Amino acid sequence: VNVHQVKNQLNQSNDEVKRTQSIQQESQRQQAQIRQSLLTEEQQLAQLIEQSNEIENRILQAQQQRSELDQQSTSARVELAKAEQQLENWHSGVQQLRLELEKQQSVLNDLQQQQDTDQQALGRSQNQFRSLSDSLEELLKSRELAVNELASVTEDRARFDSQRRELNQRLSEKREQLSQVDEALHRSRLQQEQIEMQRSQLAERLYDDYGIDIKDLAQAPSSQLEQPTDEVENEIKSLKKQLTEIGSVNLDALEELEELEGRYLSMDAQYQDLVEAKETLRKIIQRIDADSRKLFVETLEAIRQNFQKLFRQTFGGGQADIVLEEGVDPLEAGVEIIATPPGKSQFNNSLLSGGEKALTAVSLLMAIFQFRPSPFCVLDEVDAPFDEANIGRFIDVLKSFLGWTRFVIVTHSKKTMTAATTLYGITMQESGVSRRVSVRFEDVGEDGEISSEATRRTDEDAA
């Protein structure tokens, strides 16, 4: 990391040296230009002074000839005024040139100071460059030593990792063997407990059935146990046979069996009904999803075509589309509206103006309405964001629907009002008292006067 930092500092120092040299060259070039400009301005100043002297001489001559030019006094006065104005302008120019000369001299001094400062910075940068070069050599040597040490450490680490893997493998084997031994010990303990339990059960049965205590048998001589009599063996077999034949008798077992069978049959029938109902519902859901998916896609395609047509009609061109989200079920997919007005490249819909957004929304609304029309449609100030041209296109779209639909429009646009056949307004002639006013365009004459019949009909409606 230190090597990279030193290299970066070295590169920055080189860049600073180059930048300082370029600044110094630029300063020298500006000094030459300023000196040349000063020489030019001094020459211009001399010329202006000469011209000023000449003008003064001309003024003196004009004053001497004033008595001789009484008939041309008016023209001479005008010439004199012009000459005086020009002299004043030249004096102002000379003053400005002197101020400019002082400014240029100040800039020249600043550039000289900047040159000295840059020269000092160049010396410091060269010293820093030399020190950084020495540090870089030392760091390179340290880097070689570190690389060699890292290689040896890497080899040791690889060897240790190999040994660790071998030890882990051995440890896993030992753990597996220990687990097997523990499992075998557990099984043997379970078998021992089962044998002890069986032994205690046999002892209890011997004592209950035959009155034989197993402790006495354990203390009896082994010869007596090994040589039972035939009568005892026959009696034991007979008793075992009788116990097997008799068993445990439950008098209510048949009734419980019949009740359980009835419950089982009833619950099995209900289960089968539920399984069939579940399968039926699954098929119905699949059929509804398929029909809904098909109907949705067909409806969306029809609305898409209507939207494209109405968009071109309302905007006078352009392109529009409705796109479903890819790779998703149509019933769960999102719908994206793409609108590109004429003369514009395709971009995000959020960059559209307010009128363009509103006109796009109206086009989509009318496309949906065209697919599933109704006798009446109410639009509440839909044309508020539109300008005059868009209002005209909006009215043309509405007129194309008049064959099967009537529109009730709430609007403040005069152009929209002119497209209506009947106007209804609300006026408040008295405070707190509203009155409806309706006007039919056929009741209005060319001079703008409303016919008396229309006025009478309005009064009758109000009454």
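Phe407 has a relative accessibility of 17% and therefore counts as buried, a term that here means under 20% relative accessible area, with exposed meaning over 50% and partly exposed in between (1.4 Å probe, protein chains only). The model is a predicted one, in which local features need pLDDT of at least 70 and side-chain atom pairs count only at pLDDT 80 or more, whereas totals for chains, interfaces and linings use all residues. Residues are numbered from 1 along each chain as its sequence is written, and side-chain values use heavy atoms, with hydrogens and water left out.

Rings of Phe, Tyr and Trp (its six-membered ring) are paired if their centres lie within 6.5 Å, and count as stacked with planes under 30 degrees apart, as edge-to-face over 60 and as tilted for the rest; seven aromatic pairs are counted by this rule. The rings of Phe401 and Phe407 have centres 6.3 Å apart and planes at 85°, so this pair is edge-to-face. Phe401, at 1% relative accessibility, likewise counts as buried, and one aromatic cluster is formed by Phe369, Phe401, Trp404 and Phe407.

The largest pocket has a volume of about 690 Å³, where a pocket is, on a 1 Å grid over the protein atoms alone, an open set of points where a 1.4 Å probe fits, with protein on both sides within 12 Å along at least five of seven lines, and lining residues have an atom within 4 Å of a point. Of its 18 lining residues, the closest to the centre are Phe407, Ile409, Ala420, Thr421 and Thr422.

Conventions. Points joined across faces, edges and corners; volume = space filled by probe spheres on them.
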